[in-house]
Amino acid sequence: MRELSLHILDALENSVEAGATRIELLIEEDLQNDILRITIKDNGRGMSEDMVKKVLDPFFTTRTTRHVGLGLPLFAAAAQQCNGALYIQSQPGIGTTVEVTFQHSHIDRAPLGDMTATLLAVLMSERPVDIYYKHVIDKRTFEFDTAEIRQELGDVPLSHPMIRGWLETTLREGLATLQSSETK
């Protein structure tokens, strides 16, 4: 995939398919140590140890709509190509954590991509899910939690046109501020 955000979107969709109601997405860009770490943790149904071993096989999928499951194998291959790795921890009934590392400066590392569009795609899906998103570049942080937003909104859905516009603006401005601080 051309952007890491597409891998992240696939992993977030896996969490939603697993029945997660809350997903935590942490992106850490440690420029001093040249590491990019992406962690996706959900409270979905989780997987057995045997299934965790199978999910990195591209010819294994739990979906009934197709016979291949390329998302996690391609994410793992992208990480390995950039001196990184993909790790999965999961427990049935508890949830799953996927952690992916990359050498941040590796010439073959894909750009992060459009995280705002990625998050909105999941938030606007038919299945309601809360996302806690934290993006750290060295010691600067941008945080976003839809559970807090839903609490303030009451019965107004995140998909309401005015709320959707506010979400997009908040995410784009927050990430732009985080990125612009990087160059100072």
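A salt bridge is a side-chain nitrogen of Lys or Arg within 4 Å of a carboxyl oxygen of Asp or Glu. The views below come from a predicted model, in which local features need pLDDT of at least 70 and side-chain atom pairs count only at pLDDT 80 or more, while totals for chains, interfaces and linings use all residues. Residues are numbered from 1 along each chain as its sequence is written, and side-chain values use heavy atoms, with hydrogens and water left out.

**View 1. Arg22 and Asp145 form a salt bridge.** The closest N and O atoms of the two side chains are 3.0 Å apart. The pair connects distant parts of the chain, with Arg22 in strand 1 (residues 22–30) and Asp145 in strand 6, 123 residues apart. Strand 6 covers residues 140–145. Helices (H or I, at least four residues) and strands (E, at least two) are DSSP runs, numbered from the N terminus. Asp145 has a relative accessible area of 13% and is therefore buried, whereas Arg22, at 24%, is partly exposed. Buried means under 20% relative accessible area, exposed over 50%, and partly exposed in between (1.4 Å probe, protein chains only). The side chains of Asp145 and Arg22 are also joined by a polar contact of 3.0 Å. A polar contact is a pair of N or O atoms within 3.5 Å; within protein, one must be able to donate a hydrogen and the other to accept it, and residues adjacent in sequence count only if both atoms are side-chain atoms. Leaving aside residues up to four places away in sequence, Asp145 touches Arg22, Ile131 and Tyr132. Contact here means heavy atoms within 4.5 Å.

**View 2. Arg127 and Glu17 meet in a salt bridge.** This pair, at 3.6 Å from N to O, is one of ten salt bridges in the structure. Arg127 is in the loop between helix 4 (115–123) and strand 5 (130–137), and Glu17 is in helix 1 (residues 4–17), so the pair links distant parts of the chain, 110 residues apart. Arg127 is partly exposed at 41% relative accessibility, and Glu17 is partly exposed at 44%.

View 3. Arg164 counts as partly exposed at 34% relative accessibility, as does Glu168 at 26%. Salt bridges with shared partners join Asp114, Arg164, Glu168 and Arg172 into one network.

**View 4. Buried residues of helix 3 pack against other elements.** Helix 3 spans residues 71–81, and its buried residues are Gly71, Leu72, Pro73, Phe75, Ala76, Ala78 and Ala79. These buried residues pack against helix 1, strand 2, strand 3 (85–91) and strand 4 (95–103). Asn83 follows helix 3 and has a positive phi, near 60°.

**View 5. The structure has two aromatic pairs.** Rings of Phe, Tyr and Trp (its six-membered ring) pair if their centres lie within 6.5 Å; planes under 30 degrees apart count as stacked, over 60 as edge-to-face and the rest as tilted. Phe75 and Phe102 form a tilted pair, 6.4 Å centre to centre with 40° between the planes. This pair links distant parts of the chain, Phe75 in helix 3 and Phe102 in strand 4, 27 residues apart. Both Phe75 and Phe102 are buried. Tyr133 and Phe142 form an edge-to-face pair, 6.3 Å centre to centre with 70° between the planes. Tyr133 is buried at 0% relative accessibility, and Phe142 is buried at 11%.

**View 6. Asp34 and Asp138 have positive phi values.** Most residues other than glycine have a negative phi. Asp34, in the loop between strand 1 and strand 2 (35–42), has a phi of about 60°. Asp34 is partly exposed at 24% relative accessibility. Asp138 lies in the loop between strand 5 and strand 6 and has a phi near 55°. Asp138 is partly exposed, with a relative accessible area of 32%.
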